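Have the viewer open as you read.

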Amino acid sequence: MTAGYNTVSLGTGRKEFNPRKARPGIEHYIKEAGQGVLTQIGGAQNVDESVIGNFMAGRFNKQGHLDGFIPMIDKGLSMKPAVRVEGACASGGLSLVTGIRQVLAETSEVVLSMGFEVQNTVKAIYGADILALAGWFQKRKKGHAYFFPGQFSDRAGAYYEKYGYEPSRKGMARWYANAIENARLDPTAQEYHNTNPDPYATALKMQPNGKTFVDHLTVLDCSKVSDGASGIAICSEEGLKRIGVDKKDAVEVMGFGHAVRDITTDPTDLTELETIKFAAHQALENAGITIDQLGTVETHDCFSIAGILAVEALGLAAKGKGADYVAAGKTSRNGELPFNTTGGLIGWGHPTGGTGVHQAVTIWQQLTGKAGDAQIKINEDKPYGLTINMGGDDVTVTSIVFKRGE
Amino acid sequence: MTYDERLQNISVLGAAGKMGSGILLLTAVEMADRSLLPENKGKTFVLNAIDVSDEALAGLMNYLRVQVRKIAEKKAVWLREIYADREDLIENYDIIDEYINTVLNIVRPTTAMEAAYRSNIVFEAVNENKDLKVKLFTQIKQHNPKDVWFFTNTSSVPIHLIDDEAQMEGSVIGFHFYNPPAIQRLVELIKTDNTKKEVVDFAYQYAKNLKKIVVPSNDFAGFIGNGHFMRDGLHGIKEAETLASEQKLPLYKTIYLLNKISQEYLIRPMGIFQLMDYVGVDVMKFILNVMDPFVKDEDLHSALLDTMIAQGIKGGQFSSGAQKDGFLKYNGGKPIAVWDSENKTYVDFSTFQDEADKLLGKLPESVVPWKATMRMRNKEEVFSKFFNELKTTDTLGATLALRYGKRSKEIGLKLVADKVANNEEDVNTVMLTGFYHAFGPINNYFD
């Protein structure tokens, strides 16, 4: 993969965001991210086909038939195949694995993979309805007004009960602080303008309040409502030659995992993300590497508790020890294994259908030395990067292992 | 009759007006919330929105729809619980829409006063005219077979006069919302010696459910809020007039200066002339006229207000909430010019502002804008520092500001001495919550 591009993640926190003023629509985001990739790969004529991931444009923007927007990016994409994929917040990840499969199947040498979501068209209380469709609709009635925060609040509540409130909250506060500190280093991040001198203290001080939000999470435990798009080119070796990009400027997909859990069933254990565990290990296994060879991870922290549970799912910490692992700074940018180095979903933003692609772009930037101020040091003995993209409550998961091309 | 039974049939008089619409909104929401409780299933709640204008009532319904949606959005969690047994209502969208319907179904807009003949309570928010209020109450009481209670929103008329003249026998109480009622948390509650206990009890319960801060005021014309504001306004006018004659300045310039003093130097949300415009120059005169006969030791009158009204300059607000021009002229809510009553024209600030500001001298550096004080924890310290600095500053601005602060305190203390307010704290609460002052008038900053 190469030629990644992210638009700004627009929403509360960005200085230019004003909920009362008109904002760019989906066309703007698709175009910007698509053209951002095309200019790096010698233009649209080099693309064989495109995949676009999106979750809920049908309701956020009242727009379906999204593959039809691909040729809008550039006339050169007209009369070529394009497909839209959807797997809730894993739509971006599905865009990636769909492209990867096309390349592996040798039906394409160069795939333009994109993902986007424009969510600030409705107030959060209605956005919650739309995002709730990532769950089983038959459970919506009994769910919380803020459905997904409610789901993960239940997971956080179960975690507190099992492993103690204080240590859990410390881990979650650290997770938030890491997200903010990393986001401040990436100009496209939603929290780029955040100036809080002590985000850790702020997050630790804020207590969950079920009367105003959900029982076990604060708003700082949640990813934000975002508008944004990301794109990246997925190429075979031939494709890479065609677009004239040096292997050193690309990342190689070493392996990937992709699994789905039955949406109509409840998680077996609220304190475990079983699909993430399965798909991530599948990715590592397919890549033929072990966890200690990872130099950085982009995981799906739609909620801070999801970040902590992913740490445990990966086996970095034992069950119940993930919060301590995070609290000890091991996932921070200078820690043992830096996570979400441009802020993740909480710091960079979470344009739902775009997130999976954004994660790949971040890994590509980090492994090829293009991450700007957010750049971390990638050691030779830990050259791999991992993405974990989750749709719904641990229902659809894609996970990919990357390494810089050579 | 229980609280809920009492609430089952209510009328609001003047429902489409500035205050009436807010009272109607809050009452409609309260009635809807009660109607949704399991114990009230199947009971009908009726809220008559009575006004003289069909056009204004149509506007009222639009206003309600928008405002109820905002309220519903904020309590979606509670609404989901309330509608838990409604299987057809699944998403927040469905639930919020249903709630809006529930609230609007309670409201009956009408121009027919007769609707109030079946009400248990009548909220009154008509013009500040005692005779009109008495007439309406008498008429309703005559035709209403129930033990009907009257909640008047008057901000100045003594309640016992209404009680006597309309022969209410203790069924009337002053329930004075602040503008806008949907946002302002303060309510001045005025009972007479005659007011029935159950009326008072209901009033407190209702205020509590509406999450209002209740300050009891005694039954003297103007009560606490206008008792302070009217005198404070008259002080501003008097100071402007004195300054004009002393400094040989045109009055419009000194009005500009006193407005600046009362806002920037006294750290208030708006200057005194802007506030008079907000309330309405005509409304102010009206209230003064109501108060004046009851206040023996003061002359509550201003010739300038008479002149303004004669010239057709009244202030107040458009139905959109936008500020009408009064002492000051507004652009996007910000004052940009001042009325020159001598030449009957507005004079742009820009033509004289710099030169006029120089007269006041420099503001001490420790000054803070009102907005910045809203979330300050160490307000007292900040204000002490600023006002102490002001005391050692030898400028016209400092002199006027200190005199203003002292006068404001004097007015506050007089309200307590005259037994309008029960204590100093009540005076300060009214000014802090009803007028958004950053500090109460009764303080030690100016001593």
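Start in chain B, where B:Ala28, B:Val29, B:Met31 and B:Ala32 of helix α2(B) meet B:Thr102, B:Val103 and B:Ile106 of helix α5(B). Meeting here means contact: C-beta atoms, placed from the backbone, that lie within 7 Å. The classes are simple: Ala, Val, Leu, Ile, Met, Phe, Trp, Tyr, Cys and Pro are nonpolar, Asp, Glu, Lys and Arg are charged, and the others, Gly among them, are polar.

Before going on, some housekeeping: this is a predicted model, in which local features need pLDDT of at least 70 and side-chain atom pairs count only at pLDDT 80 or more, while totals for chains, interfaces and linings use all residues. Residues are numbered from 1 along each chain as its sequence is written, with chains lettered from A and ligands numbered from 1 in the order in which they are written.

Back to our helices. Two packed helices are described by the angle between their axes and the distance between the axes. For α2 (residues 18–35) and α5 (residues 92–106) of chain B, the axes come within 9 Å and cross at roughly 115°. That makes α2(B) roughly perpendicular to α5(B). The labels work like this: under 35 degrees is roughly parallel, over 145 roughly antiparallel, 65 to 115 roughly perpendicular, and the rest oblique. Axes are lines fitted to C-alpha atoms, for helices over the stretch in contact, with angles from 0 to 180 degrees between N-to-C directions.

Now try another pair in chain B: α9 (residues 225–247) and α17 (residues 396–417) have axes that come within 10 Å and cross at roughly 150°. These two helices are therefore roughly antiparallel to each other. The contact of α9(B) with α17(B) has 4 nonpolar, 5 polar and 4 charged residues. On the α9(B) side you'll find B:Arg231, B:Asp232 and B:Glu239, among others, and on the α17(B) side B:Tyr404 and B:Arg407 are included.

Zoom out to the whole of chain B and you get 18 helices and 11 strands; these are DSSP runs (H or I, at least four residues, for helices; E, at least two, for strands), numbered from the N terminus. Along its principal axes the C-alpha trace spans about 70 × 50 × 40 Å. With 447 residues, a compact globule would have a radius of gyration near 22 Å, and the 23 Å of chain B agrees. That radius is taken over C-alpha atoms, and the globule rule is 2.2 Å times the number of residues to the power 0.38.

Chain A has 14 helices and 9 strands. Its radius of gyration is 19 Å, close to the 22 Å that the rule gives for 406 residues, so chain A is as compact as a globular protein of that length. Buried residues make up 61% of chain A, and in chain B the share is 45%. Buried means 20 or more other C-beta atoms within 10 Å of a residue's own, exposed 12 or fewer, and partly exposed in between, with C-beta atoms placed from the backbone.

Is A:Tyr146 buried or exposed? It is buried, because 24 other C-beta atoms lie within 10 Å. Beyond its neighbours within four places in sequence, A:Tyr146 is in contact with A:Ala128, A:Phe213 and A:Val214.

Finally, where the chains meet, 8 residues of chain A are in contact with 9 residues of chain B. The chain A side has 4 nonpolar, no polar and 4 charged residues.

Key:
Contact = placed C-beta atoms within 7 Å.
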